[in-house]
Each structure stands twice: as C-alpha cells, then as structure tokens.
Amino acid sequence: MEDVFLPCGNIRLEILTPISQVVFGEAARQAARNGSESIRTSHLFMGLLANPDASLVRWGDRLHADLSRLLAQFQELFTTPKAGVHALPKLHREFLSDQMISVLREAIGRSRDHGREVVSPMDLLVSLLTDSGSVVAECFERIGLTAAKLTELAVLAEQRLGIDRDSPI
C-alpha cells in the first residue's frame with residue numbers, strides 16, 4: 001500500500017473524497033481554534049461533525065444525537081482555556097499526531113478493503129472509533145456507549161446508505 005503522504009510530507013489529497021478533504025480542512029481549523037499546533041483525532045471528529053455527509057447524518061440519527069450539539073460539546077471539552085488561537089496547521093505529516101496518522105492509514109486500508117480507492121468520512125469515523133486509545137471513543141464510553149456499539153451503528157448507517165443508493169426512485 002502506498003503511504004498516505006507525499007515524499008514532501010503533505011497528505012496525498014487524492015486518497016480522500018472531496019468531503020473528506022473538507023473534513024481535514026475543518027479539523028485543522030478546530031486545532032487552531034483549540035490552541036493546538038497539531039491535528040489530533042479529537043479535531044478530526046469535530047471536522048466530521050461539522051461537515052457530515054449522508055452516512056454521518058444517518059449515524060447521528062441512529063445515535064439519536066444532534067450532530068451540531070455534539071460538535072459544540074466536543075469543542076467545549078477540547079478547548080484549552082486561554083490557549084489562544086494558533087496558526088492553521090498544515091495537512092502535513094509534521095502537523096498530525098501519531099494517533100492521527102495511524103487513523104488515516106487505517107482509513108485508507110478500510111476503504112480499500114471495501115473496494116474503494118478514496119477515503120470516505122465513514123472510513124475516517126470507523127477508523128477513529130476502533131483505534132486503540134481513542135479519546136473520542138473514551139468520551140462516549142463515559143456516557144455508556146462503547147466503541148463497538150458506535151462502530152456497529154456507523155456500519156449500519158453506511159450499509160443503509162448503500163441500500164438507498166441502489167434502490168429505484
């Protein structure tokens with residue numbers, strides 16, 4: 001498998017769907033807003049919530065969650081008081097946490113396992129939730145939702161979307 005980075009260190013944007021590229025841009029904005037110099041998995045999750053595609057909306061529906069409210073809660077949880085806004089981190093290896101790099105590599109593997117050449121937002125979400133030590137999954141576990149349950153709901157939302165796409169109108 002090719003690496004997710006170009007030799008110069010930038011993320012290979014061609015491995016991301018257009019909406020996944022938007023999600024990464026938003027993750028960088030969340031990192032800067034939260035006073036972080038690097039993009040972390042919590043920022044990626046906030047990027048997903050801020051730019052949900054149809055599968056993420058279905059996942060939120062299955063959770064009975066308002067994604068914009070969930071975004072606000074995560075922003076509040078992960079904002080460092082008085083940290084100040086940093087410059088927007090670049091979509092470059094140097095500005096992604098090790099865990100974020102691991103999630104991105106898992107997401108490309110998942111997309112290819114499903115016969116796709118590009119990473120969808122659902123690939124990012126599932127890889128984020130199943131990553132060992134996921135701070136996002138840990139936050140949900142505190143309220144009684146396991147990573148396994150969140151992942152199951154994500155896969156069901158993704159599968160349901162595929163069924164809807166294949167149905168005649």
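**Exercise 1. Describe the surroundings of Lys 90: which residues does Lys 90 touch, not counting residues up to four places away in sequence?**

Solution. Begin with the contacts, where contact means heavy atoms within 4.5 Å: leaving aside residues up to four places away in sequence, Lys 90 touches Ile 39, Phe 95 and Leu 96. Before going on, note that this is a predicted model, in which local features need pLDDT of at least 70 and side-chain atom pairs count only at pLDDT 80 or more, while totals for chains, interfaces and linings use all residues. Residues are numbered from 1 along each chain as its sequence is written, and side-chain values use heavy atoms, with hydrogens and water left out.

Then consider accessibility, for which buried means under 20% relative accessible area, exposed over 50%, and partly exposed in between (1.4 Å probe, protein chains only). Lys 90 has 57% relative accessibility and therefore counts as exposed. Finally, compare sequence with space: Lys 90 and Ile 11 are 79 residues apart in sequence, and their C-alpha atoms are 9.2 Å apart.

**Exercise 2. Work out where Ser 42 is found and whether Ser 42 is buried or exposed.**

Solution. Ser 42 belongs to helix α2, which covers residues 41-50. With a relative accessible area of 5%, Ser 42 is buried. When residues up to four places away in sequence are not counted, Ser 42 touches Phe 78, Val 135 and Val 136.

**Exercise 3. Follow the aromatic pairs that involve Phe 140, and say how the rings of each pair are arranged.**

Solution. A pair of aromatic rings is described by the distance of the centres and the angle of the planes. Rings of Phe, Tyr and Trp (its six-membered ring) pair if their centres lie within 6.5 Å, and planes under 30 degrees apart count as stacked, over 60 as edge-to-face and the rest as tilted.

The structure holds six aromatic pairs. One of them joins Trp 59 and Phe 140, with 6.3 Å from centre to centre and 75° between the planes, an edge-to-face arrangement. This pair links distant parts of the chain, since Trp 59 is in helix α3 (residues 54-63) and Phe 140 in helix α7 (residues 135-141), 81 residues apart. Both Trp 59 and Phe 140 are buried.

For Phe 74 and Phe 140, the ring centres are 5.9 Å apart and the planes stand at 35°, so this pair is tilted. Phe 74 lies in helix α4 (residues 67-78) and Phe 140 in helix α7, so the pair ties together parts that are 66 residues apart in sequence. Phe 74 and Phe 140 are both buried. To widen the view, Phe 45, Trp 59, Phe 74, Phe 78 and Phe 140 form one aromatic cluster.

**Exercise 4. Find out which residues line the largest pocket closest to its centre.**

Solution. The term comes first: on a 1 Å grid over the protein atoms alone, a pocket is an open set of points where a 1.4 Å probe fits, with protein on both sides within 12 Å along at least five of seven lines, and lining residues have an atom within 4 Å of a point. Grid points are joined across faces, edges and corners, and a volume is the space filled by probe spheres set on the points.

About 290 Å³ of space lies in the largest pocket. Of its 13 lining residues, Leu 70, Gln 73, Phe 74, Phe 140 and Ile 143 are the closest to the centre. Helices α4 and α7 each supply at least two residues of this lining, and the largest share, five residues, comes from α4.

Notes:
Helices (H or I, at least four residues) and strands (E, at least two) are DSSP runs, numbered from the N terminus.
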